[in-house]
Amino acid sequence: MSPHVLILGGTTEARELAAVLTALPGLRVTTSLAGRVQRPGAVTGEVRIGGFGGVEGLANWLREERVDALVDATHPFAASITANAARAAAATGVPAVVLRRPGWQPGPEDRWHPVASLDAAAELLPSLGRRVFLTTGRLGLAAFAPLTELHFVVRSVEPPAPPLPPRTEVLLARGPFTVADETALLLGHCVDVLVTKDSGGQATAAKLTAARHLALPVVVVRRPPLPEDVVAVPDVAGVLERLGLSPR
């Protein structure tokens, strides 16, 4: 029976990993998507959609499908999924690794304001600006709903979930974005403060460069910590090394 690798996906890195692993001979690769995005990017190999039903459900799936290795390549802010994956892997003895792109790092000209949560970002905002470019995804925007005096430009891949701030414009778009486009957006909407999560990667980093050029303050929500004893690698090559695999 072919070795079976389960990828918890939804990120660019997960798609890259799936493409590399499916090119290896004699390997079965399944990517699991949560199903929150209606039009996910194309994925190579087998794909399953939907949750597992918590730690027990994932552990049962690992046993039933005879999974030999688990790669958590979910979004850096998918804390509950990462915690469940770590516990399920430990319960079943399945080797596991977390694929996490490196976080962003501020430069000397950046005006970053790191915060621990969306609630903390909302609390800080009124002291920084009145017109906000909000790029924290479509979930969790209820934290900003009480800020009735601020104007928000919200960008997400799919329509954001309510409640939203009363003065909100919604832009539906998927990265990557260029610095020129982000600069034009910030200027066109008279944005004076940016809010983002430390997602890392290049697909949406251009907004940070544009904010730096315009000397705008940036509220950056820090990543949740990884569970203890979790092995994390920054790229696909690290996963291959951890699993003892080599591309053709």
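View 1. Just after α7, Gly 244 takes a positive phi of about 70°. The model is a predicted one, in which local features need pLDDT of at least 70 and side-chain atom pairs count only at pLDDT 80 or more, while totals for chains, interfaces and linings use all residues. Residues are numbered from 1 along each chain as its sequence is written, and side-chain values use heavy atoms, with hydrogens and water left out. Helices (DSSP runs of H or I, at least four residues) and strands (runs of E, at least two) are numbered from the N terminus. Helix α7 covers residues 236-243, and its buried residues (under 20% relative accessible area, with exposed meaning over 50% and partly exposed in between, for a 1.4 Å probe and protein chains only) are Val 236, Gly 238, Val 239 and Leu 240. These buried residues pack, through contacts of heavy atoms within 4.5 Å, against α1 (12-22), β4 (69-72), β5 (96-99) and β12 (232-233).

**View 2. The crossing of α1 and α7.** The axes of these two helices, which are lines fitted to C-alpha atoms over the stretch in contact, with angles running from 0 to 180 degrees between N-to-C directions, come within 10 Å and cross at roughly 50°. Helices α1 and α7 are therefore oblique to each other, given that angles under 35 degrees count as roughly parallel, over 145 as roughly antiparallel, 65 to 115 as roughly perpendicular and the rest as oblique. From α1, Glu 13, Glu 16, Leu 17, Val 20 and Leu 21 meet Val 236, Val 239 and Leu 240 of α7. By class, this contact has 6 nonpolar, no polar and 2 charged residues, where Ala, Val, Leu, Ile, Met, Phe, Trp, Tyr, Cys and Pro count as nonpolar, Asp, Glu, Lys and Arg as charged, and the others, Gly among them, as polar.

**View 3. Ala 232 in strand β12.** Ala 232 is found in β12 and, at 41% relative accessibility, counts as partly exposed. Although Ala 232 and Asp 72 are 160 residues apart in sequence, their C-alpha atoms are 9.1 Å apart in space. When residues up to four places away in sequence are not counted, Ala 232 touches Val 98 and Leu 226.

**View 4. The packing of α2 on α3.** Helix α2 (residues 54-64) and helix α3 (residues 79-92) pack at an angle of about 50°, with their axes 8 Å apart, and that makes α2 oblique to α3. The residues of α2 that meet α3 include Val 55, Leu 58 and Leu 62, and among their counterparts in α3 are Ala 85, Ala 88 and Thr 92. By class, the contact of α2 with α3 has 8 nonpolar, 3 polar and 2 charged residues.

**View 5. The largest nonpolar core.** A nonpolar core is a set of buried Ala, Val, Leu, Ile, Met, Phe, Trp, Tyr and Cys residues joined through side-chain atoms within 4.5 Å. The largest one has 19 residues, of which Leu 125, Phe 144, Phe 152 and Val 195 touch the most other members. At least two residues each come from α4 (118-124), β7 (131-135), β8 (151-156), β10 (193-197) and β11 (217-221), and α4 gives the most, with 3 residues.

**View 6. The surroundings of Glu 182.** Glu 182 lies in helix α5 (residues 179-188) and is buried, with a relative accessible area of 1%. Leaving aside neighbours within four places in sequence, Glu 182 is in contact with Arg 155, Phe 177, Ala 206, Lys 207 and Ala 210.
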